[in-house]
Every structure is written in structure tokens, then in C-alpha cells.
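Open the model in your viewer and keep the selection tool ready. The stops below go from one selection to the next.

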Amino acid sequence: MSRFIAVDRDTAYLLPPSVNEWLPQNHLARFVVEIIDQLDLSELVRQYAGRGSHAYHPAMLLGLLVYGYATGVHSSRKIERACHDSVAFRFIAANTQPDHDSIATFRRRFLPQIEALFVQVLVLAREMKCLKLGNIALDGTKIAANASKHKALSWEHANRIEAQLREEVQLLLKLAEDSDSRPVNDGLDVPAEIARREKRLAGIAQAKTKIEQRARERHAVEQQEYEAKCAKRDAQREAGKKPRGADPQPPSSEPKAGDQVNLTDEESRIMPTSRGGFEQSYNAQAAVDTQTMLVVAQHVSQAPNDKREIAPILDRVQALPEVLGQVNALLGDTGYFSAANVNACAAQGIEPMLSMKRESHHIAVLQRFAADAPAPETDDPVLKMAHRLATKKGRALYGLRKQTVEPVFGIIKRVMGWSQMSMRGLDKARGEWSLVTMSWNIKRLHVLRAA
């Protein structure tokens with residue numbers, strides 16, 4: 001007869017089981033617990049009042065979220081189920097089963113504190129001798145908002161629907177006045193129909209107010225750019241040079257026909273995607289260390305392009321603890337290039353390496369091995385950067401960009417399975433991106449320590 005290992009599901013444990021025996025020593029869940037135990041969570045702990053029933057410790061709930069995001073389990077309901085089904089989650093939860101409400105409330109409540117914890121993880125990486133700042137590669141990716149683009153209302157459509165609804169309200173009011181002389185159609189509740197349209201008109205008026213506010217904010221930025229262009233052309237004329245092209249036109253403060261607001265998540269924006277088309281999204285930025293692929297600074301914005309994303313990233317880099325070291329160079333594609341961004345990097349002692357044009361994939365062999373041109377005798381940071389990008393050393397340094405930051409986005413979206421915000425609003429989007437990038441860093445540190 002065949003011999004089989006006995007399967008017995010009824011024998012009880014003689015002693016309580018130890019979750020410490022359930023996982024291999026090098027398991028990611030163990031590493032997550034180890035890292036979180038070294039974080040200073042006093043800011044989180046202080047916010048518990050100490051009244052009512054006992055609460056789950058923030059270290060345990062944070063561990064569940066970090067491990068969940070690192071392994072593709074983002075939903076609080078799925079994390080709750082995993083605390084029953086998954087050995088790794090049960091290890092982190094110490095064999096307790098927090099419900100999805102506790103997990104979701106904790107995540108929503110402490111998103112503002114995640115930013116400080118993100119920096120603490122970087123300091124731990126430095127203490128583990130896994131991180132020393134040098135060169136960073138910056139890029140952005142569009143993350144879908146927790147809203148459909150079909151729930152967006154444009155200025156043109158809002159005005160058209162508003163006019164239609166006002167006409168219908170007047171028609172219904174006339175029907176109500178004439179109801180004594182002639183019967184109204186069966187099933188038509190005139191007061192209810194009027195109230196429904198007035199409610200829609202109030203919502204449209206609120207949406208139009210937000211669109212007008214955004215138009216004024218855009219006008220303020222465009223007016224500064226217009227004045228700067230005019231000043232530059234005036235300076236050229238005073239120097240006896242004829243400015244190229246037509247004079248710039250002053251911007252308008254009025255909303256454009258295509259200006260819109262999303263009725264589900266008003267702080268998200270319609271943005272072009274790399275696959276083509278447009279989606280309701282946020283622009284998530286990440287600055288990645290070229291040696292370790294750890295995210296050292298991150299940011300979320302509502303801008304559809306990357307032109308204005310250098311400044312907030314530089315602010316975050318400058319705010320990092322001195323123990324992490326100094327950033328030497330910042331690598332970015334053509335979407336980041338502008339004279340203002342080059343000057344901003346140079347002003348902070350960071351060497352800008354921002355591509356000034358779309359580069360060819362294959363450089364001719366003679367050009368690749370040609371001697372470097374002499375450095376220009378100029379103090380213009382843009383000209384100096386253009387020369388550096390054309391040198392062999394500069395091309396090699398800039399070549400690190402694609403193999404550094406783009407794989408991080410690919411792993412976050414495809415392996416970790418995170419490509420859409422779980423919550424609505426810009427502040428929550430920023431907090432969740434901090435949680436995602438911190439989870440990536442811990443996941444990456446687990447690999448670096450084992451190497």
C-alpha cells in the first residue's frame with residue numbers, strides 16, 4: 001500500500017502556537033515588523049485619547065498597511081480577510097483580526113504623519129549602510145484618481161445644461177400656474193420636478209464657481225509668464241536686437257470652454273496618459289537614488305506636465321537630514337527642462353542634468369567615441385549643462401535615469417499592483433503616495449540587506 005503523511009485537522013495544540021515559528025527568518029513580513037519597531041511612532045501614539053475599549057497599536061496597523069501595499073493588497077477589506085487567511089498577515093497582526101473599519105480609519109487618520117515616517121525609513125537605510133545620497137533621477141507618472149472622467153463637467157457643458165434647466169423650470173412653473181384651467185399630465189409631480197432641477201442648478205453653480213477660481217489662478221501664473229516675456233523682448237530691443245516671432249498676447253482671466261471640474265473628486269485633473277487618451281488622474285513624482293533605487297523624495301501635484309515639479313522636489317531634498325548626505329546631480333527628461341529649473345538646481349548646489357531635447361536611441365559610433373568639446377567660457381548654467389550632457393561622462397550619467405526611476409514605477413504599478421488612488425482629494429493622494437513609496441523603500445531594503 002502507498003504510505004501517506006497523516007492529515008489531522010482536529011488535534012488541538014498542547015500549548016498556544018507561536019506565530020514566530022510560522023515564517024522563514026528572511027521573510028519580508030519579519031523585515032517589515034523589524035523596521036517599524038525602529039520607527040518613532042510617538043506622534044501617532046499621542047493621538048489616542050486612552051478612553052473606551054482598547055485600540056490596536058499603531059505599529060501593528062502600520063505594519064499591515066506597509067506589507068499590504070508592498071505585496072499588492074491595498075484594500076482594507078482584503079487586508080482584513082488576509083489577517084484570517086495569510087500566515088504573513090497573521091504574523092504581523094500577532095494572530096489578531098482587526099476589522100476593515102479599524103484599518104481604513106487608521107490609514108485615513110494618520111496619512112499626514114506618513115511623510116515623517118518616510119524620512120525615518122531613509123535614515124534607517126543610511127544606518128544599515130544601504131543609502132548615501134549622490135545622484136538622483138526624477139520622473140513622474142500619472143496615477144488614476146478614485147473618480148471617473150465621465151463625472152467631469154466642463155464650462156461649456158455647464159452653461160448649456162444650466163440654460164436648459166432654467167428653461168425647464170420656467171416651463172414647469174407655467175404648468176403649475178395653468179393647472180387650475182387644464183389638467184397636468186398624469187404622473188407629473190410639478191413641485192418635485194422643479195425641486196430636482198433647482199438642486200441640479202445649485203450643483204452646477206458650485207462647479208462653475210470652482211472653474212472660475214481655477215481660471216483666476218491660471219491667469220495669475222500666465223500673467224507672470226507674459227510679463228517676463230515682455231520684459232525679455234523689451235531688453236532685446238534696448239540692446240538693439242530684434243525679437244524673434246510675434247509679440248505675446250496677454251492672457252485672459254475668463255474660463256475656457258474646455259475647463260472642467262470633476263464632481264466626484266474635484267481636486268483631480270484630466271491628464272494625458274502614456275498609453276494615449278486622457279484619464280482623471282494625479283501626477284505622482286519620485287526622485288530615486290541611482291545606486292540603490294530607493295525613493296528619497298516624492299510629491300503629488302495636479303499639473304498635467306512636469307515643468308513645475310522641480311521646485312517642490314528640491315524643497316524636499318533640501319529638507320532631508322544632513323546625515324543622508326548631499327545630492328550631487330539631478331537627472332530629468334525633457335519634460336523638466338527650463339532655464340528656471342536649471343537655475344533652481346544650480347542655486348542649491350545640485351548639478352542639473354535635464355535633457356534639452358529628445359535624444360536619439362542610437363548614437364553614431366564616431367560621435368560616441370569622439371573627443372569632448374572644450375567647456376564653454378560662460379557663467380550661464382544652461383550652456384554649461386548643455387556641454388555636460390554632450391560629454392562622454394555626462395551621457396553615461398544621464399543614461400542612469402531610465403534604468404533607475406522607470407523600473408521603480410513599473411514595479412509599483414505592475415508588481416505591487418498600485419495604479420489608482422484609494423481615497424479622494426489632493427491631501428489624501430499625497431499621503432497615500434508617501435505610504436506607497438515608503439512601502440517600496442522597505443521592500444527594496446529587504447532585497448539590499450540580503451545582497
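Between which two elements does the loop that holds R244 lie? Select R244: its loop runs between helix α9 (190–238) and strand β3 (260–262). Keep in mind that the whole model is predicted.

**Stop 1: R244 and W22**

Show the surface around R244. The relative accessible area of this residue is 80%, over the 50% cut-off, so R244 is exposed. The distance is 72 Å, and 222 residues separate the pair along the chain.

**Stop 2: the largest nonpolar core**

Select L62, L64, W433 and M438. The largest nonpolar core has 98 residues, and these four touch the most other members. Helix α3 (residues 58–70) is the top contributor, giving ten residues to this core.

Go back to L64 and show its neighbors. Leaving out residues up to four places away in sequence, L64 touches I79, C83, F89, I92, A93 and P98.

**Stop 3: α3 against α6**

For the contact itself, select P58, L61, L62, L65 and Y69 on the α3 side. Their partners in α6 are S102, I103, F106 and R107. Color the contact by class: seven residues are nonpolar, one is polar and one is charged.

**Stop 4: α1 against α16**

Next, select helix α1 (residues 28–37) together with α16. Here the axes come within 10 Å and cross at roughly 110 degrees. An angle from 65 to 115 degrees counts as roughly perpendicular, so that label applies to α1 and α16. From α1, take L28, F31, V32, E34 and I35. They meet I442, K443, L445, H446 and R449 in α16. By class, this contact has six nonpolar residues, one polar and three charged.

**Stop 5: helix α15**

Which residues of α15 are buried? Select residues 405–415, then highlight V405, V408, F409 and I412: these are the buried ones. Look down the helix axis. The buried residues fall within an arc of 95 degrees, so they line one face of α15. Turn to the other side to find R414 and V415, which are exposed.

What does the buried face pack against? Show β1 (135–144), β5 (278–289), β6 (295–301) and α16 (426–450), which the buried residues of α15 pack against. Then step past the end of the helix to G417. This glycine follows α15 and has a positive phi, near 70 degrees.

**Stop 6**

Select K129, in the loop between α7 (111–127) and β1. Its phi is near 60 degrees, a positive value in a residue other than glycine. Then select M293, in the loop between β5 and β6. The phi of M293 is also positive, near 65 degrees, and M293 is not a glycine either.

Buried or exposed: how does K129 count? K129 has 78% relative accessibility and therefore counts as exposed. M293 has a relative accessible area of 17%, under the 20% cut-off, so M293 is buried.

Key:
Residues are numbered from 1 along each chain as its sequence is written. This is a predicted model: local features need pLDDT of at least 70, side-chain atom pairs count only at pLDDT 80 or more; totals for chains, interfaces and linings use all residues. Side-chain values use heavy atoms; hydrogens and water are left out. Buried means under 20% relative accessible area, exposed over 50%, partly exposed in between (1.4 Å probe, protein chains only). Helices (H or I, at least four residues) and strands (E, at least two) are DSSP runs, numbered from the N terminus. The arc is that of the directions from the helix axis to the C-beta atoms. Contact means heavy atoms within 4.5 Å. A nonpolar core is a set of buried Ala, Val, Leu, Ile, Met, Phe, Trp, Tyr and Cys residues joined through side-chain atoms within 4.5 Å. Ala, Val, Leu, Ile, Met, Phe, Trp, Tyr, Cys and Pro count as nonpolar, Asp, Glu, Lys and Arg as charged, and the others, Gly among them, as polar. Axes are lines fitted to C-alpha atoms, for helices over the stretch in contact, and angles run from 0 to 180 degrees between N-to-C directions. Angles under 35 degrees count as roughly parallel, over 145 as roughly antiparallel, 65 to 115 as roughly perpendicular and the rest as oblique.
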